[in-house]
Amino acid sequence: MKKLFILSCTALFIMSCGGKKEDSTASDIDYSTAETSVETNEASTPATNNHIVLKAGDDMRYDKTQFTVKAGEEVTLILMNSGQMSKEAMGHNFILLKPGSDASSFANTAVSAKATDYIPTELKSEIIANTKLLGGGENEQIKFTLTEGSYDFLCSFPGHFATMNGKITAVK
């Protein structure tokens, strides 16, 4: 009988110790690197997020290059230059082009538009939205609304287009 009691107590002890979860506080979670994974099948719609935080640093890269947003709803985009360098040495911007625009051609023209922070005035009609040119540690928020379709975006600072470009897809 004593053995049965000891075995029962041991089993209860093991079961009570193994499944306890500790509560985490907001300070324990690093939201800056959090990624949401959504499983989809072919018939489902891609996950959309109309609030975008886009980071660019001294490594001449955006931290993300693909976004899916809800067409017809306002999109808020925050560009954060997480680098240390000045905008004259390593400035970054975000330029969203209209469908059918040639992003490479736009970037080639932008190289000679230093006076307007590399946004060519002759191609303003191709731009849906843009931020100003940001130096290290600077941020800017812009808002825009898209119709259904695919849109190219880029950084127009000289030499950045090759590694700083991407697509936003607007879905219903």
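A residue is called buried when its relative accessible area is under 20%, exposed when it is over 50% and partly exposed in between (1.4 Å probe, protein chains only). Because its relative accessibility is 1%, S156 counts as buried. The model is predicted; local features need pLDDT of at least 70, side-chain atom pairs count only at pLDDT 80 or more, and totals for chains, interfaces and linings use all residues. Residues are numbered from 1 along each chain as its sequence is written, and side-chain values use heavy atoms, with hydrogens and water left out.

The predictor's confidence in each residue is given by pLDDT, from 0 to 100. For the protein chain the average pLDDT is 82, and 73% of the residues score at least 70. Over residues 2–44 the pLDDT is below 50. Where pLDDT is low, the predicted coordinates should not be read in detail.

Helices (H or I, at least four residues) and strands (E, at least two) are DSSP runs, numbered from the N terminus. Two strands pair if DSSP finds at least two bridges between them. Strand 3 and strand 6 are antiparallel and share seven bridges; L77 has I142 of strand 6 as its bridge partner.

A further open sheet has five strands in the order 2-8-7-4-5, and its pairing is also mixed. Here the edge strands are strand 2 and strand 5 (127–130). Strand 2 runs parallel to strand 8, with five bridges between them, and F67 stands opposite I168 in strand 8.

A nonpolar core is a set of buried Ala, Val, Leu, Ile, Met, Phe, Trp, Tyr and Cys residues joined through side-chain atoms within 4.5 Å. The largest such core has 26 residues, and Y62, F94, F144 and I168 have the most contacts inside it. At least two residues of this core come from each of strand 1 (51–56), strand 2 (66–70), strand 3 (74–81), strand 6 (139–145), strand 7 and strand 8. Another core, of nine residues, lies apart from it and includes L97, F106, L123 and L154.

S156 is located in the loop between strand 7 (149–154) and strand 8 (165–171). Contact means heavy atoms within 4.5 Å. Not counting residues up to four places away in sequence, S156 touches N93, I95, F106, A110, D117, Y118 and I119. A polar atom of the S156 side chain lies 2.6 Å from the backbone oxygen of Y118.

Conventions
A polar contact is a pair of N or O atoms within 3.5 Å; within protein, one must be able to donate a hydrogen and the other to accept it, and residues adjacent in sequence count only if both atoms are side-chain atoms.
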